[in-house]
Amino acid sequence: MTRAYPVSQTPAPETAYKYNYTYVPPLAMVQTVPASEGFSARPQWICLVALSALKVLINSLMIEIRQYQGSPEYFEKLFESLKGVATQLGGRVEEDFLKAIESAIEAHGIPKDLSELETCLKDVVETFANTVTEQTLGGILDIIPHRGAESAQASSLNDYNQLFQFISLPAISKNFMEDSEFAAMRVAGPNPVVIERLTALDSRIPVSDSQYQAVMGPNDSLQKALAEGRLFLADYSAFSGAVNGSFPSQQKYNYAPLALFALPSGGKSLVAVAIQCSPEPGNDNPIFTPQDGNNWLIAKTIVQIADGNYHEAVSHLGRTHLFIEPFVLATHNQLSTKHPVSVLLTPHFEGTLAINNAAQSSLIASEGGIDKLLSGSIDQSRVDGVKGALSYMLNVNTSTLPQTLAQRGFSDPAVLPDYPYRDDAMLLWGAIGQWVSQYVNHYYASDSAVQGDTELQSWLAELVSHDGGRLNNIGNQNKLTTRAQLIELTTMICFTASAQHAAVNYPQSFIMSYAPAMPLAGYSPAPATQQGATEADFLKLLPPLDIAELQLNVGYLLGSVYFTQLGQYGDNYFSDPVIQGYLVEFQQALIAIEMEINQRNKSRTPYEFLLPSRIPQSINI
Ligand SMILES: [Fe+2]
């Protein structure tokens, strides 16, 4: 059964959200976050962020006093530090924090070992997190970056491991140096959207057959692999000529590497073959292979640094957070709250204006966290993010998941059998697409119903207007003329706000919080010769310990907050019983996907970032 869309009352112009184009020029953002969109309207969100922030804070305090570990005064010193933080926070917060500490000690006694300490501190964190408001959360977040590790170069990897005191050392710390792990990052890491299949040899990275065969064996060759579609490239040449950053105190370096990978004949998983640290071949820009010892390790790390910068600026900030914002504004301004498209999309926008505003006003501001962490100058990193966002925003029709996979040569799932991100993302794209099409087809009996929905047409007009969302290439010449176009666009919005954001957001905690595995900046130039690098040269490339701690703090905080869950819209959120039935089907499909992914993980590179139970409905962190 279908029924006509309800043309409902268009929102009054005085309640419209105003656009701003100067926060992150020229992108459309909200001028002021309305109270209903703010964090204060979501106490549960504040509590979740406070939980993570307090864990980071305690971790920092424990780094500061780690030299006392094992001595009798350790626990005393730690509780002194905690009380010092409480005093710093002042007023009511101080009282609440001290009360939480006292009640934990009362319940558990003074801890005698690390496991008792952990129990006690978890109690403090949980009790105190419930009392935190938006304002006090700001106070806690302000304290964190000024504590912990000293600004010193690491003398061994153990120095980085020691940054994980209260927060557990991520598993990646054990195997990030393995070549198989480096290759797995391209298809199941934080940024699994760069690798592309080659259709011709790339003259910018002139790998010889002997170099290739040293890795892939004497029976394979570049030409054979190319003919069989088994050659792949991770291309970061977009960073060529990028302006190097130097904030807060050290010279940092951008790199624009090319990394060649191959699939063994009849094999499933990528193998890393060669890396060139910038795109122009030359004597001072050698090709490194797994034969090159520490230089190979350095070259792999340079790829990881480029990938980390691409991840944060382009894939995460640009193509999820900033991409979704104009849809939030136009939906509010042009669709009544009862309009079916507004009803469908609004849960996928929860918290997005607030988190994006927090990002533009602090995290990506000059001298903010991104300025401290990333390779580029802050202007460079912001331009990278804007260019990444615009590449999707000006080409909406060609930026859907199936389109972007096809552009990189992966429309056939048989190409590269072990590509967990592609395979899991396509499952979710399919399930979301099915739910959205049932929904849209229920409200729109025909294409002409879409054309005749004046609210919907105004929505699209605002999305593409220069005074609105500034998007382009949507539907048919920026008009929605068919149900199929509406379904595809709405699927893209729901998918990007939920699954795609989860895929790029949560590895920040599980992988990127351990800086040696994916440093967000390099601190020495790329090697100009093939030989002679030492372990010390590798360590010189990595961030100083205070910056590594900041990367841990930011990564853990952003990558450990799970607010809402995909497909859980709340009891009776949809009033129409037919839609309720479709929703049950969607929820069942998500359960089936969860099982399928768990099954797949038994026989491929394990990948858990797209388990539906770990995907929030919206971008809110
Ligand atoms: Fe995020």
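A residue counts as buried when its relative accessible area is under 20%. Keep that cut-off in mind as we walk through this structure, which is a predicted model.

Let's start at the metal. The iron ion has five residues as its protein donors: His316, His321 and His501, each through NE2, plus Asn505 through OD1 and Ile621 through its O atom. These donors sit 2.2 to 2.5 Å from the iron ion. Along the chain, their spacing reads H-x4-H-x179-H-x3-N-x115-I. Histidine 316 belongs to helix α11 (residues 293-334) and histidine 501 to helix α20 (residues 483-505), so this pair ties together parts of the chain that are 185 residues apart in sequence.

Are those two histidines buried or exposed? Histidine 501 has a relative accessible area of 2%, so it is buried. Histidine 316, at 6%, counts as buried too.

Next, hop over to serine 560, in the loop between α23 (545-558) and α24 (577-600). Its side chain makes a polar contact of 2.8 Å with the side chain of serine 52. A polar atom of the serine 560 side chain also lies 2.6 Å from the backbone oxygen of tyrosine 556. Leaving aside residues up to four places away in sequence, serine 560 touches Ser52, Tyr506 and Ser509.

Note on methods:
Residues numbered from 1 in each chain as written. Predicted model: local features only at pLDDT ≥ 70, side-chain atom pairs only at ≥ 80, totals over all residues. Heavy atoms only, no water. Helix = DSSP H or I, 4+ residues; strand = E, 2+ residues; numbered from the N terminus. Polar contact = N/O pair within 3.5 Å; in protein donor to acceptor, adjacent residues only side chain to side chain. Contact = heavy atoms within 4.5 Å. Donors = N, O, S within 2.8 Å, 3.2 Å for Na, K, Ca; no water. Buried < 20%, exposed > 50% of the residue type's maximum accessible area, 1.4 Å probe, protein only.
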